[in-house]
Amino acid sequence: MTDPAAGEKEAGTQFLPLFPLQTVLLPGAHLPLHIFEPRYRQLTMDLVTGAVPQRQFGVVALRGGLLGEVDTVEQVFDVGCTARLRDVSRLPDGRFDVIAAGQRRFRLLDVDTTAAPYLMGTIEWCDDDPIPPGCAEAAEKLAAMARTAHRRYCAAAWASEDWSPPAPETPVRELAYLLAADGLLPLEDRQALLEQRQPLRRLREACELLSREAGFLAELRAVPVQPGQLTLPSGRASMN
């Protein structure tokens, strides 16, 4: 077996363990996982022991409710998010309960089913476009609107002790992710936020989504549980 360690494969690309899921991990969000399949038990062990450096793996969302093996890039969305393993609890039967934290977006270029017991991917980093100069005032107003939509949504969806607003000093480029992490948004909406590379447009989209969902909750007086939704309210992590 080749070394599963993530690292440079060629200029500008990385080789990274992949965990396909029926959810979208956003940067800054916590991801609780119950690990029971043998291949992902092995991945967890490799993360814990340092065989995979930086305790880092990639999360990609499955397309169209796909279940079963992934062996082509067409079966998953091509923009995913790296996750850093934070907490691990090993159960007596060899299963694991883990918490990982979303970090950095990437674009999936190719998958490899033979390099390790688990899926490996060739990726390139997918960073934001710069915020245009002179947009500071517009960004401040947009951030205030998005925070208001977030408060309205969370007040309708969660008990007051189950959520808290992002810190006031949160950078604009990170704010949309942290606000959306508290929302039970459909997978396609979360994926669209993940793929959006313009920070102000992403923040506006998050504001619109949370406003929409808050309206639904006000009408239905119920929280829509999304299939594969794994994060909990205020499931945020440091973006560092």
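Predicted model: local features only at pLDDT ≥ 70, side-chain atom pairs only at ≥ 80, totals over all residues.
Residues are numbered from 1 along each chain as its sequence is written, and side-chain values use heavy atoms, with hydrogens and water left out. Local features need pLDDT of at least 70 and side-chain atom pairs count only at pLDDT 80 or more, while totals for chains, interfaces and linings use all residues.

Helices (H or I, at least four residues) and strands (E, at least two) are DSSP runs, numbered from the N terminus. Helix 3 spans residues 172–180. Seven of its nine residues are buried, so helix 3 is largely enclosed by the rest of the structure. Buried means under 20% relative accessible area, exposed over 50%, and partly exposed in between (1.4 Å probe, protein chains only). The buried residues are Glu-174, Leu-175, Ala-176, Tyr-177, Leu-178, Leu-179 and Ala-180. Their cover includes strand 6 (96–112), helix 2 (136–157), helix 4 (187–195) and helix 5 (199–220). Contact here means heavy atoms within 4.5 Å.

Helix 2 and helix 5 also pack against each other. Their axes lie 8 Å apart, at an angle of about 25 degrees. Helix 2 is therefore roughly parallel to helix 5 (angles under 35 degrees count as roughly parallel, over 145 as roughly antiparallel, 65 to 115 as roughly perpendicular and the rest as oblique). Axes are lines fitted to C-alpha atoms, for helices over the stretch in contact, and angles run from 0 to 180 degrees between N-to-C directions. On the helix 2 side, the contact includes Leu-142, Met-145, His-150 and Tyr-153. Helix 5 contributes residues including Leu-203, Cys-207, Leu-210 and Glu-213.

Leaving aside neighbours within four places in sequence, Phe-57 contacts residues including Leu-16, Phe-19, Leu-33, Cys-81 and Ala-100.

Gln-54 is found in the loop between helix 1 (38–49) and strand 4 (56–61). Arg-55 is found in the loop between helix 1 and strand 4. Neither is a glycine, yet phi is positive at Gln-54, about 65 degrees, and at Arg-55, about 50 degrees. Gln-54 counts as exposed, at 54% relative accessibility. Arg-55 is partly exposed, at 27%.
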